[in-house]
Amino acid sequence: MAKADMLSRLINTLTKAEKRYFRMYTALQQGSKDYVNLFDLMEHHSFRSTAELKLSFHEQYPGCSYDVCSKYLYKVLLDCLLHLRLQKQSTAMLTAGILKCDILFERSLHEDALKQLQKIQTAATQHEKQLLTLWAQQQEIQLLQQLNFPGITEEELSNRQQAIEHTLNTMQQIRQQTSLYETLRHTLLYRGSARTIRQQESVDVLQAAMPTPVPSSATSLKVQLLFQAHYHLATSDHPAALQIFHQLNQLLETHPALFEDTPADHLLIIEGILDSLRAGKHYEELLSFIDKVKRLKGDSIYFYIMQQRLLFIYESGAYIDSGNFAFALMLLHHYAPVIKKNILLMDISKQAEIYLYMALIYLGNEDINNAHNALEQVLQSNLYSTLPIYRTCRLVHLLIQYELGNYEYIRYETRAFRRHLQPDARRSYMLERTVIKFLGGGEVPSVTAYRTTLWKKINASFDKIRADKYERQQLKLFDFSAWIEAKLKKKPLGVVLQEKLGIRN
């Protein structure tokens, strides 16, 4: 990423409190403050390119160097954010405390340095900051050695050494747990949930290797629960996943400091609950939990944007499932401005997910052009092609082409689509094969009896899909069977979905 883009993103992600602190901080500085003028310009105006920003800056402040101001502004903003973090986060405060102890020791304030290190060890241990505990323990024993171990018996020295070994062992066990969890998450992100027995076996190997939690360690328990929850997601056992995610949510409420350095874990827990509730069709509980999510407060723009994404995906998802596409469109109009403005803050899988849900909402509202445009954001870039959700995007794209009557294009694309289906099991990817077989047949004759017979045959295939734990997970994102039924019975998609859920108008 270019430096100018990094500066722009940094400014755009500042909270009101952070901007206020920046202005207080710069007000105390002496000398030229051309970099503040650049900040004001970037805060109050939107520029399509760096060249446009440079031109505007030089026009308003002739004689000032944009390159010098932008580099210094970037440095000052980072300094301000660091100062704010030192006042709020225990990890930052403990780290600063250890560095202060070095300064105290250099000034021969040995007693105070050792006293502070003892306090830091106690606080770091209490908050389960093992790395900081280890750092403080090592600093203490190093300082004692340089002072020739004043008043320290051999037994006391041995106790300190054993404490370091204990910390290292705890860290090693948690690291082993974390490594397995990271591998499982990577598998979920880039391969998706298990769709074949072979894929199931690969996650079972990780499950078998996961050690038991470290006794009396909430951090170790947290990693263990995160792993178990995602294992159940990977194996499509959503009721079990929901139970584990609720345990994680309780852990979050009783040990909030555990999630201080990893706000993404907090968001994962929230999403895990929402995803499991939707998979189990517990829509009343889902919407109730969404109300709780709306009341959550975060201290960063990242948390806010991810919160908005969750609300859009799962609130609109509930209405897509129930065929209420008109209300889903209202939600799209409500959330879209903030999400679109900040979509680059999300990882590529979340970006693709946003565009997919936009396309589904437009598709349900028979706005085929906007549905097509939303999916083109994903399909026209190789950036998303390795993601599991990409296959779903391609499948929905074929539905859109069918709506447009582009049957020759569909026949060409379905041949390419089949080549991408992994032939590692004879019955794998049955849903994709069923859908593209229907699409490849082109326009269906208008004879009612033919359509009825065809639907019975296709519905029998979907019955098998719904009974197969490896296959039915794809229906969680979108009910492709409902779309085909709507085409064959000449009914609106929303009506078919409502009938499936037993909703009466």
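In which helix is the place of His 232? In this predicted model, His 232 belongs to helix H11, which spans residues 218-234. With a relative accessibility of 15%, His 232 counts as buried, because the cut-off for that class is under 20%. When neighbours within four places in sequence are set aside, the contacts of His 232 are Asp 237, Ala 240, Ala 241 and Ile 244. Between His 232 and Val 203 the C-alpha to C-alpha distance is 9.9 Å, at a separation of 29 residues in sequence.

At the level of the whole chain, the assignment gives three parts: domain 1 covers 3-87, domain 2 covers 90-152 and domain 3 covers 153-296. A distance of 37 Å separates the C-alpha centres of domain 1 and domain 2.

A helix pair was also examined. Two packed helices are described by the angle between their axes and the distance between the axes. For helix H6 (residues 90-106) and helix H7 (residues 110-126), the packing angle is about 165 degrees and the axes are 8 Å apart. Angles over 145 degrees count as roughly antiparallel, and H6 and H7 are therefore assigned to that class. The crossing of H6 past H7 is left-handed. On the H6 side, the contact is made by Leu 94, Gly 97, Ile 98, Cys 101, Leu 104 and Phe 105. These residues meet His 110, Asp 112, Ala 113, Gln 116, Leu 117, Ile 120, Ala 123 and Ala 124 of H7. By residue class, the contact of H6 with H7 comprises 10 nonpolar, 3 polar and 1 charged.

How values were computed
Residues are numbered from 1 along each chain as its sequence is written. This is a predicted model: local features need pLDDT of at least 70, side-chain atom pairs count only at pLDDT 80 or more; totals for chains, interfaces and linings use all residues. Side-chain values use heavy atoms; hydrogens and water are left out. Helices (H or I, at least four residues) and strands (E, at least two) are DSSP runs, numbered from the N terminus. Buried means under 20% relative accessible area, exposed over 50%, partly exposed in between (1.4 Å probe, protein chains only). Contact means heavy atoms within 4.5 Å. Axes are lines fitted to C-alpha atoms, for helices over the stretch in contact, and angles run from 0 to 180 degrees between N-to-C directions. Angles under 35 degrees count as roughly parallel, over 145 as roughly antiparallel, 65 to 115 as roughly perpendicular and the rest as oblique. A crossing is left-handed if the near helix is turned anticlockwise from the far one by less than a right angle, and right-handed if clockwise. Ala, Val, Leu, Ile, Met, Phe, Trp, Tyr, Cys and Pro count as nonpolar, Asp, Glu, Lys and Arg as charged, and the others, Gly among them, as polar. Domain bounds come from an automatic or database domain assignment.
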